[in-house]
Amino acid sequence: MRAHGLGFLKVLIIVCLITSPVFAVEKPGTVSVSPPEYNIPEGKKQQWESIKNLVNAEYGVCIEHCGNDPKCKSRCSRVHQHSLDSEYKKLLAE
């Protein structure tokens, strides 16, 4: 079931990157914030590492497709952070 959900996540990321004007807008004067710390229960740490590795790999592919376009890279970063946050919440809810 988890693998199917992550496949859906890939499709969702691609759709968001292509269609969402929210991700396409650069906000002047915004400052980059470091990613949050995720408190993972000991019994779920291995599962979290697998999820995180997959989301990070998708981020790498997104960045690679951006070339030198800073707006595209910024969208990839926001989608990446959203994906990590979303997967973290799902993992804790299981």
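This short talk goes through the disulfides of the structure above.

Before the details, a word of care: this is a predicted model, in which local features need pLDDT of at least 70 and side-chain atom pairs count only at pLDDT 80 or more, while totals for chains, interfaces and linings use all residues. Residues are numbered from 1 along each chain as its sequence is written, and side-chain values use heavy atoms, with hydrogens and water left out.

A disulfide, taken here as a pair of cysteine sulfur atoms within 2.5 Å, turns up two times by this rule. Counting the bonded cysteines along the chain, the pattern of the protein is 1-4, 2-3.

Let me take the link between Cys-62 and Cys-76, where the S to S distance is 1.9 Å. Because Cys-62 sits in helix α3 (residues 45–66) and Cys-76 in helix α4 (residues 70–93), this pair ties together parts that are 14 residues apart in sequence; helices here are DSSP runs of H or I with at least four residues, numbered from the N terminus. The link of Cys-62 and Cys-76 is left-handed, with -75 degrees about the S-S bond. Cys-62 is buried, at a relative accessible area of 12%, and Cys-76 is buried too, at 2%, where buried means under 20% relative accessible area with a 1.4 Å probe and protein chains only.

The other link joins Cys-66 to Cys-72, with 2.0 Å from S to S. Its torsion about the S-S bond is about -70 degrees, so the disulfide of Cys-66 and Cys-72 is left-handed. As for accessibility, Cys-66 counts as buried at 8%, and Cys-72 counts as buried at 14%.

Key:
Helix = DSSP H or I, 4+ residues; strand = E, 2+ residues; numbered from the N terminus. Buried < 20%, exposed > 50% of the residue type's maximum accessible area, 1.4 Å probe, protein only.
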